[in-house]
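Welcome, and thanks for taking a look at this one with us. Below is a short briefing on an interface and a ligand shell.

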Amino acid sequence: MDDLLAVTGLTVGFATESGLARVLDQVDFRIGRGEIVGLVGESGCGKTTLARAILGVLPANSARISAGSIEFDGRDLLQEDPDALATDIRGRAITFVPQDPFSSFNPVFTIGRQIEELMKWKSPDAEPGSGPRRYARARRSSDLERVLELLRIVQLPDPEALLRKYPHEVSGGQRQRLMIAMALLPEPKLIIADEPTTALDVTIQAQILKLLRRLAAERGVSVLFTTHDLGTAYEICDRMTVMYAGQDVESAPSDSFFTEPRHIYTVRLLQSLPSRDHGIRGIPGQVPDLTAPPPGCRFHPRCDAASALCRQTRPDPSDVGAGHVARCWHPAQGEGTP
Amino acid sequence: MTGAAPRGRAGTLQPGLEMRALVLTVNRLVWFVPTLLGLLVITFTISHIIPADPIAFIAGDNATAEQIAALKAKFGVDKPVPVQLWNYILGVAQGDFGISLYTQRPIAEDLIARLPATLELAFVAVILSGVIGIPLGVLAAVRRNSWLDHALRVFTVSGLAIAAFWFAILLQLLFAMKLGWTPLQGRVDGWGPDPVTGFYIVDSVLAGDLETLADVIGHMVLPAVTLSFPAMATIMRFTRAGVLDAINSNYVDYQLAMGVPRRVVVWRYVLRNALIGTVTQVGLVFGNLIANAVVVEAVFDWPGLGLYAVNSILQSDYNGIMGFTLIMGTVFIIVNLLVDISHGLIDPRETG
Amino acid sequence: MLETTRFLLRKLASDRTAALGALIITLLVVVAIAAPVLSTHPGDVTEFHPPERLLPPSGDHFFGTDRMGADVYSRLLFGARITIAIAVIAIGASVLVGIPVGLVAGYYRNWVSDALMRISDIFLAVPQIVLAIAIAQTLGPSIENVILALSATYWPFWARLVYAETRSALNDTYVEASIALGASPWRVMILHVLPNISSSVIVRTTIGMGGTILTAAVLGFLGLGPPAPSPEWGRTIAESREFLPEAWWYATAPGLAIFLVVMGFNLLGDGLRDILDPRTRRSGDG
Ligand SMILES: Nc1ncnc2c1ncn2[C@@H]1O[C@H](COP(=O)(O)OP(=O)(O)OP(=O)(O)O)[C@@H](O)[C@H]1O
Ligand code: SF4
Ligand SMILES: [Mg+2]
């Protein structure tokens with residue numbers, strides 16, 4: 001298998017006042033090398049939780065990982081020493097583009113200082129292991145070259161001046177370009193971008209996403225991209241994975257995802273997109289309470305094809321086409337395409 | 001809290017740090033004089049609301065009408081009140097606060113002679129509060145809800161509720177009277193070091209006189225601890241809140257998600273952000289400190305401005321009280337000016 | 001209104017420290033009202049028993065006796081009345097002056113509002129205690145003058161607060177709308193702005209009580225409060241000093257009382273702030 005990332009059977013809960021919220025239920029998820037995968041689903045379905053689990057930054061005091069594995073580039077991240085994860089996985093092999101470029105910069109340091117701190121620990125030239133005692137001058141200047149070059153590549157004007165500015169002196173679009181540059185600087189194998197453009201003006205969202213896609217493709221970097229927006233996901237992703245209420249339900253190449261959805265939830269989701277033919281059609285019913293989720297396929301209370309089997313047992317993934325996997329007992333047969 | 005000038009926006013200009021500090025300083029300095037002038041008018045009005053007759057008090061019961069008239073002329077109270085105010089303003093502008101009804105000496109000289117004692121005490125207390133309060137505040141935040149955090153919470157709540165003069169008396173009772181570990185009161189035994197700066201710690205170091213230094217520090221301990229307790233509580237509280245805010249912020253989340261080591265993030269970045277809030281509070285803390293100094297000096301017989309004020313109160317010396325109020329106001333305004341400037345320097349979002 | 005009160009009480013009860021604060025204050029009020037009943041020697045505010053002076057704590061005198069042979073415990077209870085009276089009246093007056101000043105200065109944008117704010121800034125430019133000392137000193141030692149001195153120095157806090165809150169309330173769309181519809185300034189201020197800013201005023205007032213009580217105690221300690229033989233707490237501590245270290249109870253008891261009461265108001269104020277004024281919430285404390 002040439003997967004870069006393979007999440008298998010991952011089960012995560014959060015301790016809350018009203019009990020354990022079962023936020024991820026035996027989730028399977030994979031990303032191939034150089035592949036751009038969109039993780040889509042309604043708000044609260046667990047996209048961010050999955051992304052943070054891969055990064056290893058779930059809130060330590062409330063999150064409980066009770067089963068599963070996260071295999072990345074031949075290592076099981078859940079079995080690794082936490083220090084090792086921080087030094088050579090996070091920020092090195094896997095980098096992160098945050099949702100909100102406004103608040104993700106520290107307001108009291110210049111942009112240059114913040115990038116420098118990142119490079120001090122995470123430059124491709126940094127010696128692996130426990131991290132730097134000192135930031136050697138030779139590496140500092142080669143790192144600076146690297147930074148300036150990349151800032152030009154992400155089309156930021158006058159990079160030298162930019163480095164001397166404070167975050168609040170820079171526009172949101174430019175800040176997100178900076179974030180993308182910072183995600184690329186350590187030359188990672190995987191970039192996790194959790195709704196990287198929701199905080200931005202609609203007019204620049206597309207530019208930023210195209211930039212991310214182009215750079216990732218040029219460098220052969222894989223991307224995990226989460227979004228609510230099926231349209232943008234289609235434009236930039238090679239493959240899509242859909243989640244519903246903490247369960248992965250379907251994963252397919254972007255084309256067949258739209259033309260031949262198989263899981264009933266995906267079908268209904270696509271049908272609910274506003275279209276010229278039928279206007280907006282919502283899915284009846286509502287998202288379950290994750291502290292007491294329905295057994296079996298969590299979509300069954302809202303599924304018109306649900307059977308007794310669906311109510312008892314969660315279906316295993318089954319191949320339903322080329323590179324197309326669905327977890328549905330009664331998959332749709334090519335109907336329902338909008 | 002300050003006699004602050006309104007904040008302007010720097011608009012689209014993005015002045016450099018020095019420029020920003022300059023704008024701020026000028027802005028504040030412009031208001032410095034009017035604020036002081038206003039304070040002067042207020043204190044003057046206060047001390048003339050009631051036609052108390054301190055002259056009769058000084059002159060005694062047997063004074064003749066001529067003697068009283070002469071005294072009145074000497075202290076300038078024979079003229080109408082607005083004229084007195086005008087003369088007082090003119091005098092203050094030239095550094096003349098009038099003559100103390102009590103010591104019969106120029107008040108400006110009295111005050112200047114006593115200022116170093118108060119400032120030295122206040123500085124030591126501020127430093128003590130910061131050096132202990134900031135790290136403890138960080139610890140409380142980092143170990144939030146641990147027993148340490150709870151213990152420190154009790155400490156801060158107490159520090160903010162305790163009457164400084166009472167705490168001073170308790171410390172005296174225990175450490176000076178019962179245990180005899182520290183002197184009961186005063187600033188030094190004997191004459192003290194040769195005056196250079198007026199700060200005894202500095203002066204005895206300059207003179208290379210370790211014995212005096214030890215004695216000075218011994219006298220300093222109880223008053224400094226008394227003064228720093230509430231200040232420390234405030235600093236700790238704001239540091240803790242600031243650190244928590246920063247730890248829960250997106251930028252810390254980002255740095256941790258990018259694998260920057262936690263200790264680096266906390267001690268190098270979070271602390272810096274948290275301290276912005278703390279520094280803003282130093283002005284407030286300093287104000288409280290000065291206020292408490294009045295009573296703490298009275299308890300420890302510390303020869304500073306506070307003790308002078310207390311003596312002026314006892315002697316109904318309203319010139320002395322006015323001088324004291326003005327000089328306290330000046331010190332307080334200057335401290336707040338410095339706080340604002342340093343705030344502008346460490347927080348780049350603060351412009352103009 | 002009843003709903004809000006009930007909501008408040010429920011919230012307060014669930015916050016342990018705030019509940020403790022409320023309890024302490026309730027106790028203070030009860031003690032002050034019932035002082036004649038609760039005290040073991042109710043006559044001791046005015047009656048003295050020189051042969052019994054400076055007795056240590058015992059079953060008869062819980063906190064010992066003072067230099068006049070009066071019961072420290074009983075005088076403490078009567079001292080609570082003075083403390084409450086001073087704090088409530090002084091703060092009440094400050095609020096009554098500060099709110100209109102802040103409202104007017106916040107509502108209008110002209111030289112009057114600038115002047116009002118400048119004046120409050122000048123008052124805020126000196127530590128409160130310093131001005132209070134100056135005022136109390138000229139007026140002479142008495143309860144009324146302590147109250148006057150405190151009100152004269154504390155009103156700018158409310159003026160500043162109400163000014164800032166009014167300015168931001170005026171940006172609310174519905175306030176803007178009612179101004180646009182021609183509501184009179186007073187109508188806007190009283191019907192729209194005031195209710196909007198009441199929570200921060202309540203919070204500030206509660207916390208202000210603690211500070212005022214401390215300042216009042218300082219004035220008493222300096223001899224600027226009500227004259228002897230008043231059982232005022234600050235004065236009692238000052239009187240006790242010459243009998244230290246032997247008569248430790250004499251100094252300790254009133255200081256503890258001040259400490260408890262101030263702490264009560266601080267805790268309650270913090271709790272109220274968390275409930276009513278989430279913008280300034282102490283992060284992570286609750
Ligand atoms: N720290 C936490 N403690 C308790 N519950 C949490 C925590 N974080 C997330 N949850 C819950 O887990 C569920 C999934 O949240 P998550 O943020 O992963 O969803 P999402 O798909 O990213 O949603 P969105 O599209 O809104 O970002 C939600 O019901 C959320 O309330
Ligand atoms: S598994 Fe059953 S309940 Fe779930 S989507 Fe498929 S048919 Fe519906
Ligand atoms: Mg999310």
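How many residue pairs, both at pLDDT 80 or more, are in polar contact between chain B and chain C? In this predicted model, the count is 4 residue pairs. Here is the rest of the picture, starting with the side that chain B presents.

**Chain B's side of the interface**
- Seen from chain B, α1 (17-49), α6 (147-161), α7 (164-178), α9 (210-247), α11 (262-300), α12 (305-314) and α13 (318-346) each bring at least two residues to the side that touches chain C.
- The largest share of that side, 9 residues, belongs to α1(B).
- Sorted by class, the side of chain B that touches chain C holds 36 nonpolar, 14 polar and 7 charged residues.

**Extent of the B–C interface**
- In contact across the interface are 57 residues of chain B and 46 residues of chain C.
- Together the two chains bury about 4300 Å², with 73% of it on carbon and sulfur atoms.
- Of the area that chain B buries against chain C, 15% is supplied by B:F165, B:W166 and B:I313, more than any other three residues.

**Salt bridge**
- The rule finds 1 salt bridge across the interface of chain B and chain C.
- B:R237 pairs with C:D270 in a salt bridge, and their closest N and O atoms are 2.9 Å apart.

**Around ligand 2**
- Chain A supplies the residues around ligand 2, among them the histidines A:H263, A:H300 and A:H330 and the cysteines A:C297, A:C303, A:C310 and A:C328.
- A:I264, A:F299, A:A306 and A:W329 are also among the residues around ligand 2.
- By class, this shell has 8 nonpolar and 3 polar residues, and no charged ones.

Conventions. Residues are numbered from 1 along each chain as its sequence is written. Chains are lettered from A and ligands numbered from 1 in the order in which they are written. This is a predicted model: local features need pLDDT of at least 70, side-chain atom pairs count only at pLDDT 80 or more; totals for chains, interfaces and linings use all residues. Side-chain values use heavy atoms; hydrogens and water are left out. A residue is near a molecule or strand if one of its heavy atoms lies within 4 Å of it. Ala, Val, Leu, Ile, Met, Phe, Trp, Tyr, Cys and Pro count as nonpolar, Asp, Glu, Lys and Arg as charged, and the others, Gly among them, as polar. Contact means heavy atoms within 4.5 Å. Buried area is the accessible area (1.4 Å probe) that two parts lose on being put together, summed over both. A salt bridge is a side-chain nitrogen of Lys or Arg within 4 Å of a carboxyl oxygen of Asp or Glu. A polar contact is a pair of N or O atoms within 3.5 Å; within protein, one must be able to donate a hydrogen and the other to accept it, and residues adjacent in sequence count only if both atoms are side-chain atoms. Helices (H or I, at least four residues) and strands (E, at least two) are DSSP runs, numbered from the N terminus.
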